[in-house]
Amino acid sequence: MTVEFWFLIGAALVFWMQAGFAMVETGFTRAKNAGNIIMKNLMDFCIGTVVFSLLGYTLMMGEDSFFGLIGKPNMDLFTHFKDFIASPAEGFTDASYFVFNLVFCATTATIVSGAMAERTKFSAYCVYSAVISLVVYPIEAHWIWGGGWLSQLGFHDYAGSCAIHMVGGMAALIGAAVLGPRIGKYVKDKDGKVVKVNAIPGHSIPLGALGVFILWLGWYGFNGAAATSPSELSSIFLTTTIAPSVATCTTMIYTWIKNGKPDVSMCLNASLAGLVAVTAGCDALDAIGAAVVGIVAGILVVAVVETLDLKLHIDDPVGAVGVHCANGVWGTIAVGLLANPDAPAGLRGLLYTGDFKQLGIQLLGFVSVAAWAAVTMLLFFKLLKKVDFLRAEAADELSGLDVSEHGLPSAYADFMPAVDKYAEFGTGDHIVAVTGTTPVAEAVPVKREPSFEDGKFTKVEIVFKEEKLYALKEAMSKLGITGMTVSHVMGYGMQKGHTEFYRGVAVETDLRPKVQVDIVVSAIPVRDVIETAKKVLYTGHIGDGKIFVYDVENVIKVRTGEEGYAALQDVE
């Protein structure tokens, strides 16, 4: 009873890791997608629970069949509930095993969310969550933990470096590659070659750090829940502490030397990388082995994250591939290299005993599981892309998935989302088409059009949607305007024909983030400025923007004292 109680407490800690994943992903991405990310992390567990109950659990833990490939499906959870919760003579109740394996399944599913964040349709993510929890994870987990062919060979993956993290990371890698990068992440030349990689910082490092601490706490249950003796549990806690600590120190030193300063977000990734890497062998390693695992993990996570971004141009906003896929592979192989016979598992690692057998089994297991995950997820994501069900529309991506997917203007209702991100990136090939029918004069009204006289100064004030800032800046630069003032403002009121709901109640008035650009012109015709702005901002919908035109009596440059036309010139 006492051991089973700890087993369920461990399962609860693993469930709590969902909060950690949600915080890491939210913090490492932009505020305009925070609500969408919270919703995904909530629903992948809830959807996973439904499909895992119906079929996934028995595919994983049912009676072994088809030469150790799958478990035999049954409906005992629903048809023999009394037996399902009854305490057996040995081991735990079926109900305990179900809950324990369910929370691990949810972890596999949620890893993919971060790599595909900020541009995936919510509906597509729901379908993905169902598929990986229904079929993909249960089958390979049966091979390892359900009495399947790998477990019969002696493959060792105590808590899931391979079965959970590598599989989730592999799905993340394939999903991110098939989906494509976020708009503005990579700048291409006319031949389609990437000439610049843009950084898109997350909006809250503190949230990301909170997520890492939650995950680290949960990992003691993740790795330790299946322990059956105090000696085994204490050994697991020891290795689960050493590996991430050493990995984080390694990454701190490595990025400090490489970049001149220690990288905060990479160090947070490194903590998780060390945890992932030690998961397979947490009961098979000693303190030295755990430290070696951590050192490699700390370097590997940086190398993979940077290679994906700078060389392969695969956009992974949270580093999921470097953390989970790469270090899931490393942790699986490390068991064959570093297992100490004196550790609770009693395995014979190559570097301790000179025995190649365990290493060979680990390599076979990693290759087999990786092949299964790669083939199934590639076919699945390709299918979703082919039927145009995978990626959000460009306009929705630019405005943020909170509002387009969930009708949520901002996950932070009392705070303005930052708009400086919009000033850095264009839409590239993703041209936002005119989709509405409102005339230009109504969509982008000009409040005053004075007579444009030569030699006078005119201030043009433009208030518009924040995602259009880069396009307007570029258009004005081509017109010859090199100076403008940009402010973040809030527009008050409900747009006609555009009703949002909060908890089922219509929002009658709303504060919407806008950008205000002020331009003072003299030599450049004001009419050219107005028409250019209207052309850039117009999409055919009420709320595209407003343009205000004012007469300016004089312009004075403070530093030089110049006045008039000379004060407007940038060349000094």
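I checked what stands opposite Phe464 and found Gly545 of strand S10 there. The model is predicted, so I read this as a computed placement.

I then followed the pairing itself. S5 and S10, the latter covering residues 545-552, run antiparallel to each other and are joined over eight bridges.

Next I looked at burial in S5, residues 457-465. Seven of its nine residues are buried, so the strand is largely enclosed by the rest of the structure. I counted a residue as buried if its relative accessible area was under 20%.

I turned to the second largest pocket and noted a volume of about 660 Å³. I listed 30 lining residues, and the closest to the pocket centre are Lys185, Ser265, Val305, Asp309 and Pro317. I looked up which elements give two or more residues to this lining: they are helices H10 (230-259), H11 (264-279), H12 (287-311) and H13 (320-338). H12 gives the most, with six residues. I sorted the lining of this pocket by class and got 15 nonpolar, eight polar and seven charged residues.

Last, I took down values for the whole protein chain. I found 20 helices and 10 strands. The chain has 572 residues, and 53% of them count as buried. I noted an accessible surface of about 25400 Å², with 63% of it belonging to carbon and sulfur atoms. Among contacts with a separation of 6 or more, 77% are between residues 24 or more positions apart.

Conventions. Residues are numbered from 1 along each chain as its sequence is written. This is a predicted model: local features need pLDDT of at least 70, side-chain atom pairs count only at pLDDT 80 or more; totals for chains, interfaces and linings use all residues. Side-chain values use heavy atoms; hydrogens and water are left out. Helices (H or I, at least four residues) and strands (E, at least two) are DSSP runs, numbered from the N terminus. Buried means under 20% relative accessible area, exposed over 50%, partly exposed in between (1.4 Å probe, protein chains only). Contact means heavy atoms within 4.5 Å. Accessible areas come from the Shrake-Rupley method with a 1.4 Å probe; for residues, only the protein chains shown count as cover. Two strands pair if DSSP finds at least two bridges between them. On a 1 Å grid over the protein atoms alone, a cavity is a set of points where a 1.4 Å probe fits but cannot get out, and a pocket is an open set with protein on both sides within 12 Å along at least five of seven lines; lining residues have an atom within 4 Å of a point. Grid points are joined across faces, edges and corners, and a volume is the space filled by probe spheres set on the points. Ala, Val, Leu, Ile, Met, Phe, Trp, Tyr, Cys and Pro count as nonpolar, Asp, Glu, Lys and Arg as charged, and the others, Gly among them, as polar.
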